[in-house]
Amino acid sequence: MALYEHVLEPIEINGLEIKNRVVRTAHGTNIGQGRITDELIAYHEARAAGGCGLTILEAASVHPTDMGTLWLHEASVVDDCRRMMDRLVPYGMAVFQQLGHLGYEGVTADGGPPWSASELSGPSIRRPAKAMTQHDIEELTDAFAQAARWSIEGGLDGVEVHIAHGYLLQQFMSPATNQRTDHYGGSWENRIRLAREIVGGVRGAIGSDVVLGVRVGSEAVGAGGVTEHDCAELVKVLADDGLIDYVNLTYGSCLRPHKIMGGMHEPPGYELEAAAPVVAAVDLPAIVTGRFRTLAEADKLIADGAADMVGLTRAHIADPDLVAKSVGGREAEVRPCIAGNDGCVGGLNRGRLSCAVNPAVGRESEPPPSPGSQSHRVVVVGGGPGGMEAARLAVMRGHEVILFEAQDRLGGAVRQAQQLPTRGLLGDICDWQECELARLGVDVRLGCAVDAESIQAAQPEMVIAATGATGAEVPDISNVSQGATAVVDDRFGGYEALGLAEWLATQGLAVTLTTPGRRVAANALLDLVVQPALERLQALNVEIQTKADTPPDADLTLTVAKHPYDPLSAELLAAGLNVQVIGDARQPGTILTVIADAHGIDFG
């Protein structure tokens, strides 16, 4: 049996042959700030060059009542699409455009109220929506059709209508958000009427020989929301209408956003159970997602009949060359997605997509750094993710590198953090970096607690201090009795306090999590990992106290307040050495910030 034979097999959808079963599902980037720019094109081109079979571009807003991360409001997008496709076509990657509308979660061009089925407020925007009139519905239906027409005129291979995530079309579908009494509300047939009309309008605009699919999925909100069985009934109706060529399965909603892009706490395939009824409902190609990272996982899913195509979206953010490396027998070189969500989800929520393990995301149009004209001796002190990344980049630029690590294993504080509940994937990036250093021939010296004198003896022309931070260590609790009280006081605002509180509770301690602020882990809220952690802490009976300036007394108190640890740079600078302090040693942050810091080094 050939390696990856199932996922690499071409598939035909409505006459369009797609070269393999690997999909990048639609995901917001905001790289182009609403436009198809050279930066956005370069982002997609890098993944096309890496061997991906199908890319579905981020959900384009079709109407000014939803100013999302990509706009298809004007005919000028046709030329933008053509310019993009001129760059992508040579790689043989199929490209579809997702079309959507956020409904009551949308931001309008004129500052007016967002549109929805009824006068409700979105969970994020929290502004009362305007209940759409018949005229609004007709205008929106025409806008979807026009956006689809422009996409195909621009050279794209197909379109996809977004009917998921609790956005506008699901707001009409759901009895929890549709309070209408006209022929778009009340009965099931009425509540799916808008979806049928829009999909039908899109089909009429692009014709019968162009690929048209829908993205659907359970809202994951329990009673009252759209379920997987509702989605199955909807796609059966659309298929019976002769409107759609494939289905793209997803999960979660704007009410449960952490289910849309599950963090490392979710197992691979966490969406499959909810996808299964929809996959079984119609005889159409099905795309599934669910935190998959490798071709091997995708190949097995297809072999098992769980899907026809598999989304490896965040995996491609982490490494554009995932397919090419895997097919070439270089799986170990694939930079792993660690599903921390602080770069992809958190980056987008803060303004623009990024990646914790791949700082080049969104900067693919910039030329890669080339080796310098001269080779220098570079000493890196500290073998955490920042130090290893600095060493990796230095040797790739042609320098001679020595990395000193005081412990007997590379990875720094990450090796402790990955022992906390649900945080095991953190270590994957350190494992990858360690393998890369070995492959590139970096001189790594473990168990070497160097001082300024021994560093100078190595005669470096540059020293990179990546000695980390203190204040978030996993404690030794071997002498703490079962049932003892523990307080974790969050003074940093990252995920660390949540992880320590959960770990202590799983060890049998009675835990209280405190913070002087209004929210624990406030700096991680946009990463969609805090809410599921709080749910787990609640199940473990962890008490949470906010606005607590003084933590209560306890048998064990942990204050999480990370401080830079930089014992060397002052003396080395005084000795006249070129020293650069990076990562937590400069300013405590996350894996994202320390790896990004390494990429900011000027190696000369």
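Tutor: Let's start with one definition: two strands count as paired if DSSP finds at least two bridges between them. Keep in mind that this is a predicted model.

Student: What sheet do E19 and E20 belong to, and in which order do its strands lie?

Tutor: They sit in an open sheet of four strands, ordered E20-E19-E18-E21, and the pairing is parallel. The edges are E20 (543-545) and E21 (556-560), since each of these pairs on one side only. Going from one strand to the next, the twist averages 15 degrees.

Student: Now the helices. How do I describe two that pack together?

Tutor: You give the angle between their axes and the distance between the axes. Here, take helix H1 (residues 38-49) and helix H2 (residues 77-88): their axes come within 9 Å and cross at roughly 30 degrees. Angles under 35 degrees count as roughly parallel, so H1 is roughly parallel to H2.

Student: Is the crossing left-handed or right-handed?

Tutor: Right-handed, as H1 passes H2.

Student: And which residues in H1 and H2 meet?

Tutor: From H1, you'll find Asp38, Ile41, Ala42, His44, Glu45 and Ala48. They meet Arg83, Met84, Arg87 and Leu88 in H2. Sorted by class, this contact has five nonpolar, one polar and four charged residues.

How values were computed. Residues are numbered from 1 along each chain as its sequence is written. This is a predicted model: local features need pLDDT of at least 70, side-chain atom pairs count only at pLDDT 80 or more; totals for chains, interfaces and linings use all residues. Side-chain values use heavy atoms; hydrogens and water are left out. Axes are lines fitted to C-alpha atoms, for helices over the stretch in contact, and angles run from 0 to 180 degrees between N-to-C directions. Helices (H or I, at least four residues) and strands (E, at least two) are DSSP runs, numbered from the N terminus. Angles under 35 degrees count as roughly parallel, over 145 as roughly antiparallel, 65 to 115 as roughly perpendicular and the rest as oblique. A crossing is left-handed if the near helix is turned anticlockwise from the far one by less than a right angle, and right-handed if clockwise. Contact means heavy atoms within 4.5 Å. Ala, Val, Leu, Ile, Met, Phe, Trp, Tyr, Cys and Pro count as nonpolar, Asp, Glu, Lys and Arg as charged, and the others, Gly among them, as polar.
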